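I opened my notebook for this one and started with a plain look around. Here is what I looked up, entry by entry.

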Amino acid sequence: TVARVLQGMGGAMMVPVGRLVVLRAASKLDIIRVIAYLTWPALVAPVVAPALGGVLVTYASWRWIFVLNLPLGLVALLVAVRIVPDLRPGRAASLDWRGFALTGAGLGAFVFGLELVTDGNVSWAAVGAGIGVGAVLLWWAVGHLRRATHPLLDLSVLRVATFRASSLGGSFFRMAISAAPFLLALMFQNGFGWSPLRSGMLVIAVFVGNIAIKPFTTPILHRFGFRAVLVTAASAAGLTLALCAGFSAGTPLVLIVLVLVVSGVFRSIGFTAYNTIVFADVAPEGMGNANTLSSTIQQLTMGLGVAVGALALRAGPPLDHLVGAASTGGGPFDAAFLLLAVVAFIAAAEAALLAPQAGSAIVAARSGGEDS
């Protein structure tokens, strides 16, 4: 557990620090294209991992899932030393230790409470205690962060409409999308009885959709604008999740692959749009604080995706029984995917509240550059 905590600390710093290095060097003219590249790891890893894990478990040993990190980490270290510039900020304010303690303890307790839902025998008292303690500590943390002179997280950036929309609606979108590969792999193996290798290779179809649409995400955003793209991407994600609820062991593989490819297409578009609009209207001097808060929210919501998926699985059988639905052979997975679809549709509804010109500063900057 200690080793995993250390691994999580290192991983948590990779995204915000790496992204901030890029954002400081990028102009408004290039921010959409830059974010499109930065989105790749978040899109690729959760999809490729089940397939790679299936290969390792089938032909080698589960230990190789962890051993594989050694050469990958070494390569990443060498690349970082060689190409990442040694940027150092000016004199920084001292660390907000109280904010750090309250925020860290609150998030930790909240996530721990949700994580307990994934256990075989759930202690709902422990779940409620973890979530309750976490909520109280986070409420206390918010009060401190709003009063502190140099807070750990600057919440004032939430006043920016596009940042707030990306943080709120993007959280629902990421939770639904993050849970999908987790549930698909489980459904294929535990529900349909397929091998880990076959299950993992099917999930790769999502990655195919990611790759296919990636060259077109930037032109799509310039052509249709952020609001239309976000509403469409979140709605389509919800629809494909709902279609997954209808899968059974007898569903033609071609149809399963087609749905997963389409899911990957809108997954890619949505991630890129949310990750771009979050910085669209943030002033340059507030980019560091916005990046930190955005990364914290993203890490939390994507991590919660698995917990949300587990909760949806547990809610599946009671819901099936309540509505008298016939099982497709996937057990509780059909209702779980329908619940995730609802989460994605919430993101679509939130995106529809954006102003039509939301994020136009980035699009206008790009268009102006091309015209000139």
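**Entry 1: ground rules.** Before placing any residue, I settled what a helix is here: a DSSP run of H or I with at least four residues, numbered from the N terminus. I also noted that this is a predicted model.

**Entry 2: Gly 130.** With that settled, I found Gly 130 in helix α6, which covers residues 124-147. Is Gly 130 buried or exposed? Its relative accessible area is 9%, and the cut-off for buried is under 20%, so Gly 130 is buried. Next I looked for its partners beyond four places in sequence, and Gly 130 turned out to be in contact with Ala 109, Phe 110 and Gly 113. I also checked Glu 115, 15 residues away along the chain, and its C-alpha atom is separated from that of Gly 130 by 9.5 Å.

**Entry 3: the whole chain.** Stepping back, I counted the secondary structure of the protein chain and got 13 helices and 0 strands. Of the 372 residues in the protein chain, 41% are buried. I then took the contacts with a separation of 6 or more, and 81% of them join residues 24 or more positions apart. The accessible surface comes to about 19000 Å², and carbon and sulfur atoms hold 70% of that.

**Entry 4: α7 against α8.** I turned to helix α7 (residues 161-191) and helix α8 (residues 196-224), whose axes come within 9 Å and cross at roughly 145 degrees. I noted the crossing as right-handed. Which residues meet here? From α7 I listed Pro 181, Leu 184, Ala 185, Phe 188 and Gln 189, and from α8 Pro 196, Ser 199, Leu 202 and Val 203. By type, this contact has 7 nonpolar residues, 2 polar and no charged.

**Entry 5: α9 against α10.** The next pair was helix α9 (residues 226-244) with helix α10 (residues 253-277), where the axes come within 8 Å and cross at roughly 145 degrees. This crossing is left-handed. On the α9 side the contact includes Phe 226, Val 229, Leu 230, Ala 233 and Ala 237, and on the α10 side it includes Val 259, Phe 266, Ile 269, Ala 273 and Tyr 274. I sorted the residues of this contact into 16 nonpolar, 5 polar and no charged.

**Entry 6: α9 by itself.** I wanted to check the length of α9. Its 19 residues should span 27 Å at 1.5 Å a residue, and the end C-alpha atoms are 27 Å apart, so the two agree. I then went through α9 for burial, and the buried residues include Ala 234, Gly 238, Thr 240, Leu 241 and Cys 244.

**Entry 7: Val 229.** I picked out Val 229, which lies in α9. Its relative accessible area is 5%, so Val 229 is buried. What does Val 229 touch beyond four places in sequence? I found Ile 220, Leu 221, Phe 224, Ile 269 and Ala 273. I also looked at Ala 348, which is 119 residues from Val 229 in sequence and 9.8 Å from it in space, C-alpha to C-alpha.

**Entry 8: two residues of α10.** Thr 272 lies in helix α10. Its relative accessibility is 0%, so Thr 272 counts as buried. Not counting residues up to four places away, Thr 272 touches Ile 35, Ala 36, Thr 39, Lys 214, Thr 217 and Leu 221. For Thr 217, 55 residues away along the chain, I noted a C-alpha separation of 7.4 Å from Thr 272.

Asn 275 is also found in α10. At 6% relative accessibility Asn 275 counts as buried. Which residues is Asn 275 in contact with, leaving aside neighbours within four places? They are Ile 35, Thr 39, Arg 174 and Gln 298.

Methods
Residues numbered from 1 in each chain as written. Predicted model: local features only at pLDDT ≥ 70, side-chain atom pairs only at ≥ 80, totals over all residues. Heavy atoms only, no water. Axes fitted to C-alpha atoms, helices over the stretch in contact; angles between N-to-C directions. Left-handed = near helix turned anticlockwise from the far one by under 90°. Contact = heavy atoms within 4.5 Å. Nonpolar A, V, L, I, M, F, W, Y, C, P; charged D, E, K, R; others polar. Expected span 1.5 Å × (residues − 1). Buried < 20%, exposed > 50% of the residue type's maximum accessible area, 1.4 Å probe, protein only. Areas by Shrake-Rupley, 256 points an atom, 1.4 Å probe, with all protein chains shown as cover.
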